[in-house]
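Hi there,

I am passing this structure on to you, with some notes on what turned up in it. Please have a look at the sequence and model first, then read on.

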Amino acid sequence: KWGWLFFNASINPWAARVLGYRPDEMLGMSVRDVLAPDVRHEFDQYIAAIRTEGAAQGLMLLQTRTGEKRIWEYRNTLRTEGVAAPVVRGMARDVTERRRAEQALRESEERYRTLFESATDAVYVTTRSGQLLDVNEAAAGLWGGPREELLRLNVSELYADPRDRERFVEEVERQGVVRNLEIRARHRDGSVRDCLVSGSVRRAADGTVIGYQGVAHDITGRKRAEDMVRASRVRLRALAVELHNVRE
């Protein structure tokens with residue numbers, strides 16, 4: 001919503017209401033009076049600019065009667081013709097909520113990026129066809145090569161068994177998420193790594209699936225340890241049978 005504001009001459013009800021005043025209370029007040037204290041020093045610079053250019057636009061930080069900070073987007077012009085003395089005529093709209101939402105979005109994206117980069121598990125983002133769009137350093141480490149080269153691959157090239165990729169796509173398309181799907185990932189040197197993969201679909205604004213995002217946890221070491229334990233148990237059982245036969 002736009003409101004007209006005539007400095008020191010008149011003010012419309014919308015502008016006064018947003019600032020917590022009645023229109024008659026604001027008549028005679030300077031715009032400096034409703035600027036947030038920490039930006040009032042910029043008012044003289046603004047006045048000098050509008051006198052020189054005849055117009056000004058941008059954002060101003062205001063403080064309401066209750067002390068709340070509000071952000072207005074303004075377009076002001078200097079009128080000198082047809083008036084006894086120059087006046088500044090301004091039009092502004094309150095963009096506080098939009099700016100706060102934008103700031104919250106930026107902070108959320110920064111937090112996501114920090115988590116993405118610092119994750120010890122491989123994190124990746126792909127298109128629906130499997131083209132890699134983004135990977136973290138842990139993913140590059142799991143593959144065994146630089147991130148730039150990894151991003152030139154299709155994720156299907158990283159599956160040792162193509163059927164694992166098919167299972168992932170089938171489940172994530174059906175349920176929207178995949179949790180702890182055991183797959184075998186191909187290393188750059190040709191070796192194979194055992195991984196647990198969890199992922200989810202990525203959607204456009206209209207809900208269309210446009211790709212997937214996932215996390216791969218390397219369990220190769222654990223699997224090897226489990227294999228060693230199983231092999232040891234087999235040997236122990238064989239030894240027990242042999243000892244029993246010796247006693248017999």
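**Helix 4 and its surroundings**

The buried residues of helix 4 pack against helix 3 (31-34), strand 3 (55-63), strand 4 (69-79) and strand 5 (87-94). Before going further, please note that this is a predicted model, in which local features need pLDDT of at least 70, side-chain atom pairs count only at pLDDT 80 or more, and totals for chains, interfaces and linings use all residues. Residues are numbered from 1 along each chain as its sequence is written, and side-chain values use heavy atoms, with hydrogens and water left out.

Which residues of helix 4 are buried? In this helix, which spans residues 43-53, they are Phe-43, Tyr-46, Ile-47 and Ile-50. Seen down the helix axis, these buried residues fall within an arc of 100°, so they line one face of helix 4. The arc is taken over the directions from the helix axis to the C-beta atoms. As a general point, an α-helix has 3.6 residues a turn, so residues three or four places apart point the same way. Gln-45, Thr-52 and Glu-53 are exposed on the other side of helix 4. Here buried means under 20% relative accessible area, exposed over 50%, and partly exposed in between (1.4 Å probe, protein chains only). After helix 4 comes Gly-54, with a positive phi near 85°.

**Strand 10 and its partners**

Strand 10 (residues 209-218) runs antiparallel to strand 6 (residues 122-127), and six bridges join them. Tyr-212 in strand 10 stands opposite Thr-126. Strand 10 is also antiparallel to strand 9 (residues 192-203), with nine bridges between them. There, His-217 of strand 10 is the bridge partner of Leu-196. Five residues lie between the strands in the hairpin of strand 9 and strand 10, where Gly-207 has a positive phi near 95°. Two strands pair if DSSP finds at least two bridges between them.

**The chain as a whole**

The protein chain has nine helices and ten strands; these are DSSP runs numbered from the N terminus (helices H or I, at least four residues; strands E, at least two). Of its 248 residues, 34% are buried.

How confident is the predictor, and what is the average pLDDT of the protein chain? The average is 86, and 90% of the residues score at least 70, where pLDDT is the predictor's confidence in each residue, from 0 to 100. Over residues 1-8, pLDDT stays under 50. Where pLDDT is low, the predicted coordinates should not be read in detail.

Best wishes

Definitions and conventions:
Contact means heavy atoms within 4.5 Å.
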